[in-house]
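I opened this notebook to record what I looked up in one structure.

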Amino acid sequence: MLCILAFIGGCTPTSNTNYPEAVKSVISKSDISGREQALSLMLTADLSSANPQADSLRLKIADLFASDSDHQNALDILQLIDTQKLNNQEFVDYSFLLAETKVALYNLESAIEHLEQLRFMALSSEFKKSDIQRLSEIQSKLAFAKGDHYQGLQILIDLAESVKRKSDIQDIHDKILQHISHLPYQQLTAGMEHRDVTLAGWLQLGEALRRKQGSPKLSSNAYEQWRQRWKSHPAAKVEPT
């Protein structure tokens with residue numbers, strides 16, 4: 001960790017590669033992990049205080065660490081960033097990544113605080129669709145981490161209804177079913193009569209699949225039987241993978 005912070009702190013770079021070239025040359029290496037890309041970027045890029053793009057580059061490095069689930073190193077680097085030197089979109093991405101990292105490290109209250117910063121809130125009216133989707137996913141992760149599983153599922157259900165592309169819907173449906181697959185059986189059955197019909201349908205699907213788990217053929221049959229009863233349900237129209 002000390003070695004990583006020493007690099008990030010602004011040591012003399014091993015080459016004169018500027019920021020755009022450094023990022024492109026490292027992230028184009030598909031044969032190495034996100035963590036290895038981050039470490040490589042720290043060795044080759046100019047992170048000195050003289051480089052006006054140094055904080056933008058630190059944000060990229062933190063994102064690479066996080067992509068490899070190295071949340072602690074991602075957090076350590078994010079905490080070194082001077083957010084005043086980030087443009088608005090970079091600041092939004094920084095806030096998202098910091099909140100995601102805090103959730104992954106179970107620092108939930110701090111994650112919420114970062115999403116309530118004045119600058120972030122002021123920029124929320126300018127969010128792109130991808131920003132809105134990312135925020136919803138963070139809010140669902142927060143709900144799941146706090147044990148409010150129904151609320152987390154409801155956020156994902158609402159998100160799936162707001163997107164248009166089938167592949168995006170399917171990706172969200174996969175996340176919904178993944179979370180449902182980890183619910184205690186008692187919560188599955190207790191929520192089957194939930195006042196939200198869509199959520200109730202998801203829980204009934206989860207319960208049906210749970211009873212047939214371990215057999216792909218039986219699970220497939222259970223899904224088809226469920227779909228016959230729930231023909232208008234979102235998961236019947238766009239099947240999870």
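**Entry 1. Basis.** I worked from a predicted model, in which local features need pLDDT of at least 70 and side-chain atom pairs count only at pLDDT 80 or more, while totals for chains, interfaces and linings use all residues. Residues are numbered from 1 along each chain as its sequence is written, and side-chain values use heavy atoms, with hydrogens and water left out.

**Entry 2. Salt bridges.** Side chains of opposite charge can pair when their charged atoms come close. I took a salt bridge to be a side-chain nitrogen of Lys or Arg within 4 Å of a carboxyl oxygen of Asp or Glu. How many salt bridges does a search of the whole structure find? I noted eight.

**Entry 3. R58 and D55.** These two residues form a salt bridge, and their closest N and O atoms are 3.6 Å apart. Both belong to helix α4 (residues 54-67), where they stand three residues apart, about one turn of the helix. Helices here are DSSP runs of H or I with at least four residues, numbered from the N terminus. Are R58 and D55 buried or exposed? I recorded both as buried, that is, under 20% relative accessible area with a 1.4 Å probe and protein chains only; exposed is over 50%, and partly exposed lies in between.

**Entry 4. R211 and E207.** I found a salt bridge between these side chains, at 2.7 Å from N to O. The two residues are four apart in helix α13 (residues 197-211), so about one helical turn separates them. E207 is buried, its relative accessible area being 9%.

**Entry 5. R165 and D168.** Their side chains meet in a salt bridge at 4.0 Å, N to O. R165 counts as exposed because its relative accessibility is 56%, whereas D168, at 25%, is partly exposed.

**Entry 6. A network.** I also noted that salt bridges link E137, D171 and K175 in a network.

**Entry 7. Nonpolar cores.** A nonpolar core is a set of buried Ala, Val, Leu, Ile, Met, Phe, Trp, Tyr and Cys residues joined through side-chain atoms within 4.5 Å. The largest has 35 residues, and I61, L78, Y94, F96, L115 and F120 have the most contacts inside it. Helix α6 gives the most to this core, with eight residues.

**Entry 8. L78.** Which residues is L78 in contact with, leaving aside its neighbours within four places in sequence? I listed L59, A62, Y94, L97, L98 and T101, contact meaning heavy atoms within 4.5 Å. A second, separate core has 28 residues, among them A160, M192, L205 and L209.
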